[in-house]
Amino acid sequence: MSIISADEPVSAGAACSASGEAVGVAYDDAPLRLFHLRVAAGASGGDFCEGFGLGIIGISLSRAAPQLGLTPLWMGVLGGASLASLFAGALLSGPTADRFGRRPIFGYNMAVLGALSVLQFFVHSSVQLLVLRLAIGFVLGTDYAVNKAMLIEFTPRRVRGRILGLLSVAWATGYASAYFVGFALDNVGTEPWRWMLLSSAVPCLLAFPLRVTVPESPMWLTNHGRGAEAAAIVRERLGATVAPPVSTPAHPTHHGRWHQLFSPTWRRNSLVGCAFWTCLVIPYFAVGTFVAQVMSAMNVESGYVGGLIYNFALLGGAVLGLIVVDRISRRSFLVGSFWLAAVTTLALALWTHIPGLAMILLFAAFAGVLSAVSNLVYVYIPELFPTDLRASGIGLATAASRTGSAASTFLLPVVVADYGIRVTLGACVAVLVAGAVICQVWAPETRNLRLGVLDEEAARSAEGVG
């Protein structure tokens with residue numbers, strides 16, 4: 001049986017509660033409530049914080065270099081530090097959230113992130129800043145693994161793409177806002193970079209109250225034998241006519257979650273999730289983190305103006321992706337975006353006498369396409385895994401992607417200096433083509449998928465039937 005059966009007809013009629021009582025609608029088909037939007041706001045707030053925190057480091061480091069004595073090597077290390085430690089945070093928190101629940105991490109990690117962001121204001125050496133950036137990256141990793149799992153398990157099926165796509169818009173908004181805030185603070189005091197880094201604490205502390213009031217995922221509770229708690233949450237937050245999730249607990253297994261992710265049942269989905277996200281973020285972060293420097297290397301007279309257009313394109317692409325994510329198949333969106341981004345980047349790499357305006361527009365197209373398909377990071381990857389592997393699967397994909405993004409962020413200044421910007425862009429083309437080919441061959445379709453289908457497949461697999 002196919003793991004993903006998104007196009008099979010499903011009934012949206014009456015469902016039954018665990019006690020056999022008839023209720024109006026199944027959990028996946030619940031009407032959109034204000035509560036759903038509140039969960040989405042809390043989750044989106046976390047992604048705004050992540051985008052802002054990762055975006056502010058590029059411009060702040062360029063201003064901190066004289067005071068902290070940063071060499072190009074240290075610039076690369078600090079620029080990629082948070083991306084590198086995301087690896088550990090995502091890998092460790094995914095299985096933890098699958099075993100102990102989403103809420104403990106989802107509810108409190110923004111408070112920790114805000115405190116660490118405040119401490120950046122007081123650093124006096126590159127080593128101190130490195131330690132904080134590593135800690136910040138670890139906390140961000142916990143949110144990458146848990147945030148998407150929490151939101152998708154609350155969201156009605158018919159609006160899942162658009163609701164989870166809000167995370168992409170929030171991330172892009174945070175990332176672009178960091179660019180604007182950084183330049184706005186450029187003349188504040190004698191060390192404006194401190195204020196730039198401190199500003200990343202503000203959205204964290206605003207997001208915390210929204211998240212701490214969100215209850216545990218009913219899907220997770222149901223699959224861990226706590227159906228009464230799940231039913232109470234559904235009744236209180238979604239209404240008495242909505243059935244709690246159907247329980248599909250997996251057969252006990254002696255294998256850990258990593259073993260299950262690479263089992264014959266799930267390894268294709270694991271590979272696609274890791275490859276898609278990694279091949280997307282390598283060019284995204286390599287160019288985006290140092291966009292002003294890249295523009296200058298290509299002889300654009302105003303790197304700031306080019307960067308401004310680039311970041312507006314990120315926002316526009318995220319919104320465009322939000323509009324189309326539920327209107328076309330996930331596979332078409334995924335594969336087509338990789339090819340479009342590859343063609344755009346190839347033009348930049350090969351057009352030797354390109355006018356400045358054309359160059360900026362091509363960079364904007366590159367940013368817009370990658371930002372649009374980034375919606376699928378928040379929608380498609382959680383759809384690849386069942387409830388008891390979802391946070392672990394997202395964590396695995398996050399770890400793989402952040403290994404690539406950290407390496408590309410670290411290497412970009414060095415490669416540009418040694419080999420030139422066109423060779424660097426050529427390498428980005430190769431990565432984008434690899435992503436397109438892998439997804440064309442192996443990516444399953446998940447549009448309109450009921451998450452319970454994955455849980456049933458997981459149960460059969462654990463019992464050795466599937």
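Predicted model: local features only at pLDDT ≥ 70, side-chain atom pairs only at ≥ 80, totals over all residues.

Reply: Helix 1 covers residues 34–68 and spans 47 Å from first to last C-alpha, close to the 51 Å expected at 1.5 Å a residue. Its course includes a bend of about 40° at Ser62, and Pro66 follows within four residues. Just after the helix, Gly69 adopts a positive phi of about 65°.

The charged pairs come next. Side chains of opposite charge can pair when their charged atoms come close. Across the whole structure, a search returns 14 salt bridges. One of the pairs consists of Glu153 and Arg102, whose closest N and O atoms are 2.6 Å apart. This pair links distant parts of the chain: Glu153 sits in the loop between helix 4 (126–152) and helix 5 (160–184), while Arg102 sits in the loop between helix 2 (72–100) and helix 3 (103–119), the two being 51 residues apart. Buried here means under 20% relative accessible area. Glu153, at 0% relative accessibility, therefore counts as buried, and Arg102 is likewise buried, with a relative accessible area of 0%.

Glu153 also forms a salt bridge with Arg390, at 2.9 Å from N to O. Here the link runs from the loop between helix 4 and helix 5, where Glu153 lies, to helix 17 (residues 387–419), which holds Arg390; the partners are 237 residues apart. Both Glu153 and Arg390 are buried.

A further salt bridge joins the side chains of Arg160 and Glu383, with an N to O distance of 3.0 Å. Arg160 belongs to helix 5 and Glu383 to helix 16 (residues 375–383), so this pair ties together parts that are 223 residues apart in sequence. With a relative accessibility of 1%, Arg160 counts as buried; Glu383 is buried as well, at a relative accessible area of 0%. Arg160 and Glu383 also belong to a network of salt bridges that includes Arg162, Asp326 and Arg330.

How values were computed
Residues numbered from 1 in each chain as written. Heavy atoms only, no water. Expected span 1.5 Å × (residues − 1). Bend = angle between axes of the 7 residues up to and from the residue. Salt bridge = Lys/Arg side-chain N within 4 Å of Asp/Glu carboxyl O. Buried < 20%, exposed > 50% of the residue type's maximum accessible area, 1.4 Å probe, protein only.
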